[in-house]
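Hi everyone, thanks for coming along.

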Amino acid sequence: MTSAHQEQQAPVRPTAQDEIAAAGSELIGGPIGRRALAGGSWWTPVRVVLLVMLGMFALGMVQKLPCYESGWFRGATSQYVHACYSDIPHLYTGRGFATDLTPYFDRIPQEISGGMEYLEYPVLTGVFMEVASWLTPQGGEMVERQQIYWMVNAGMLMACAAVLVVCVARTHRRRPWDALLVALAPALALTATINWDLLAVSLTAASMLMWARSRPFASGVLLGLATAAKFYPFLLLGPLLVLCWRAGRWKAFGTALVGAVAAWLAVNLPVMLLAPEGWGKFYAFSQERNIDFGSFWLIISQRTGNPLEHANTYATLLVLLGCAAIALLTLRAPRRPRFAQLAFLVIALFIVTNKVYSPQYVLWLIPLAVLARPRWRDFLIWQACEVMYYLGIWFYLAYTGSGDDHHGLPAEGYQFAIMLHLLGTLYLCAVVVRDILLPERDVVRHDGSDDPSGGVLDGAPDVFALGFRKDLQPILPAPQEQTARWEPRPGSE
């Protein structure tokens, strides 16, 4: 094997491509040298990234310590003042796990749930919550049991975070270090144990890894399981449909679709048939839920005094229009967009237009953002916006819950925080769209790659496109070149 070929196959070093990564590496001695030996050491990129993730997750747990000790149990606003709120200990009692009720089958007494008759989470998430309750001792004081339940869930969610970061590190074979963005994401550490979203996020990442390895059925099965834990992963079938349409890979898409439907039915069908009312609570609650924290609909409602009763219809229309625009972009782009780029755009569209944008929803986007746009500057700008919103929502709840004292962030300040994290997400969407329209700006394609996460789509010729520039094809760079050139093929004018 020639040295040039070895260089092309070696992992991409972010410090050689990203000025922010190079500057940050000075904390540990500076960028790795060109002649440093890669491999042959226990400290592989995946292992390093995994250990960093576990460390950051542990720091996130430490950040919840004021609430673990007292904030969740005493004081009206203590958990907001310390910005360490979590649904987990509250729902242990509020959804009947503490009294050994079976999710979806047993009706929750109103005095316990406050009116939520059944668990309002998808089935696989309900199973996750129930398993954690089995691992929680039933004896002792209720506060102690809630603490243990949170700790058990945190351990299970840490395992999900480990799966997530390993999958991201392996999705782009030559770019394992990009997963360091996931591991170091401050918003992930802060929001990982607010709710159970990491279960669906890790399954989605595993599904994308299987697709990148050209295993569409396994990818579909994992995507179906992810959808059984949270609704949003289902939306990734849309980008796959349009990309396979452009590349003519209908068999791969059909195989993934069959796997997704089969896995979703395997999880949902037993509960759907045996406890239809409990099973349907998640879907009914999602449909009936009023506009809530984090959405631009809330800003409009608070500023105008209009409750926006039809916000659900408006949001659905915006999602459909946005998906149509993304499909048109996919079919007209000079090169077929990468799967991760479209996955990020579709999920970001769903979140930004949704009637609620909870702080933990950022977990849905973090791995997709890293695969779509692995640039430290853009990622950190977005993360800064999300951290500001994370603080904003808790201080706003402290303000509204402190009575006449009004300690915290007033409505106007909270509205600014909402706008900040919406604009941060839209900024990242804008640079991803720019990379699609100008493939030479896409850092993943700098080495001449097509779509490392595309699996059967990677390097496949187009069979259908609407763009007049569809004749553009990548020309692989010479080994010493840093970027790929994009030119029309000879004779294609």
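Let me begin with a definition: rings of Phe, Tyr and Trp (its six-membered ring) pair if their centres lie within 6.5 Å, and planes under 30 degrees apart count as stacked, over 60 as edge-to-face and the rest as tilted. With that in hand, ring pairs link Phe231, Tyr232, Phe234, Phe350, Tyr361 and Trp364 into a cluster.

Some housekeeping before we go on. What you see is a predicted model, where local features need pLDDT of at least 70, side-chain atom pairs count only at pLDDT 80 or more, and totals for chains, interfaces and linings use all residues. Residues are numbered from 1 along each chain as its sequence is written, and side-chain values use heavy atoms, with hydrogens and water left out.

Now the overall picture. The protein has 24 helices and two strands; helices (H or I, at least four residues) and strands (E, at least two) are DSSP runs, numbered from the N terminus. Of the 493 residues, 54% are buried, where buried means under 20% relative accessible area, exposed over 50%, and partly exposed in between (1.4 Å probe, protein chains only). Taking contacts between residues at least 6 apart in sequence, 73% join residues at least 24 apart; contact here means heavy atoms within 4.5 Å.

Back to the rings. The whole structure gives 28 aromatic pairs. One of them is Phe231 with Phe234: the centres are 5.9 Å apart and the planes sit at 40°, so this pair is tilted. Phe231 is partly exposed, at 34% relative accessible area, and Phe234 is partly exposed too, at 43%. Compare Trp264 and Trp279, whose pair is edge-to-face, with 6.3 Å centre to centre and 75° between the planes. That pair links distant parts of the chain, with Trp264 in helix H16 (residues 250–274) and Trp279 in helix H17 (residues 276–279), 15 residues apart. Trp279 is buried, with a relative accessible area of 17%.

Next, a helix pair. Helix H20 (residues 311–332) and helix H21 (residues 339–353) pack at about 160°, with axes 9 Å apart. Axes are lines fitted to C-alpha atoms, for helices over the stretch in contact, and angles run from 0 to 180 degrees between N-to-C directions. That makes H20 roughly antiparallel to H21 (under 35 degrees is roughly parallel, over 145 roughly antiparallel, 65 to 115 roughly perpendicular, and the rest oblique).

Finally, the cysteines. Elsewhere, Cys160 counts as buried at 8% relative accessibility, and Cys429 does at 13%.
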